[in-house]
Amino acid sequence: SLTMVIDVREINFSKRQNNHVVSVGWSILPIFLPKGYVNSGIFVIPVFKGEPSEDFLKGIQNSSDGIKYIQSALDTKKVQLLEAVSLVVKIIDGQREGHFTRVFESSRFDYTYIPAGRKSKYEYNGGADAKAKGLKTIVPSGGKCDLYNRKVGEHAAEHFELKHYQYLGCLE
């Protein structure tokens, strides 16, 4: 079935680094459920170190149970987690568009793809989030999210030679 593999990169905008792009890790999420339905939801998924091997990707593609396949790969150290690093990914079937209308619905986070026994390290903590610095305080460009998001998008498009990139704005 169709699976999304996400390549996680860091762009360092310092003048010394010359806008250097480095690999941080990767993640994976099935787009369809075994019965053919879209895997709609808001998923918290782990990030793995390095890059996925071709053997791993072929193995998970041929596996009848991707979660068990990943757990086995973790147990045998074929893949390693970046501890407590995760992505939040929203997948919506066009027929269920009204089911996920708010931008950030932490109460609907699905932790199905977090490896067994590690959920507590990945659970969203609204109290800690309230105390954390807001994005506006940690981004360059004078804290202007829109300018920073545009800069990241345009640099990534240039780095990966994307010919049809168009910045659509910030979701603030």
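## Pocket lining and ring pairs

Strand 2 (20-30), strand 3, helix 1 (54-62) and helix 2 (66-75) each give at least two residues to the lining of the second largest pocket. Helices (H or I, at least four residues) and strands (E, at least two) are DSSP runs, numbered from the N terminus. This is a predicted model, so to speak with some care built in: local features need pLDDT of at least 70, side-chain atom pairs count only at pLDDT 80 or more, and totals for chains, interfaces and linings use all residues. Residues are numbered from 1 along each chain as its sequence is written, and side-chain values use heavy atoms, with hydrogens and water left out.

Back to that pocket. The space in the second largest pocket is about 520 Å³. Its lining has 25 residues, and the closest to its centre are Pro30, Asp65, Gly66, Ile67 and Tyr113. A pocket here is an open set of points on a 1 Å grid over the protein atoms alone, where a 1.4 Å probe fits, with protein on both sides within 12 Å along at least five of seven lines; lining residues have an atom within 4 Å of a point. The volume is the space filled by probe spheres set on the points, which are joined across faces, edges and corners.

Now for the rings. Rings of Phe, Tyr and Trp (its six-membered ring) pair if their centres lie within 6.5 Å; planes under 30 degrees apart are stacked, over 60 edge-to-face, and the rest tilted. That rule gives six aromatic pairs. Here are two of them:

| Pair | Centres apart | Angle of planes | Type |
|---|---|---|---|
| Phe43 and Tyr113 | 5.6 Å | 65° | edge-to-face |
| Phe109 and Tyr124 | 5.8 Å | 70° | edge-to-face |

Phe43 sits in strand 3 (residues 41-49) and Tyr113 in the loop between strand 5 (109-110) and helix 3 (119-122), so this pair ties together parts that are 70 residues apart in sequence. Phe43 and Tyr113 are both buried, a word that means under 20% relative accessible area, while exposed means over 50% and partly exposed is in between (1.4 Å probe, protein chains only).

The other pair links distant parts of the chain too: Phe109 is in strand 5 and Tyr124 in the loop between helix 3 and helix 4 (126-131), 15 residues apart. Phe109 is buried at 10% relative accessible area, whereas Tyr124 is partly exposed at 33%. Elsewhere, ring pairs join Trp26, Phe48, Phe56 and Tyr69 into a cluster.
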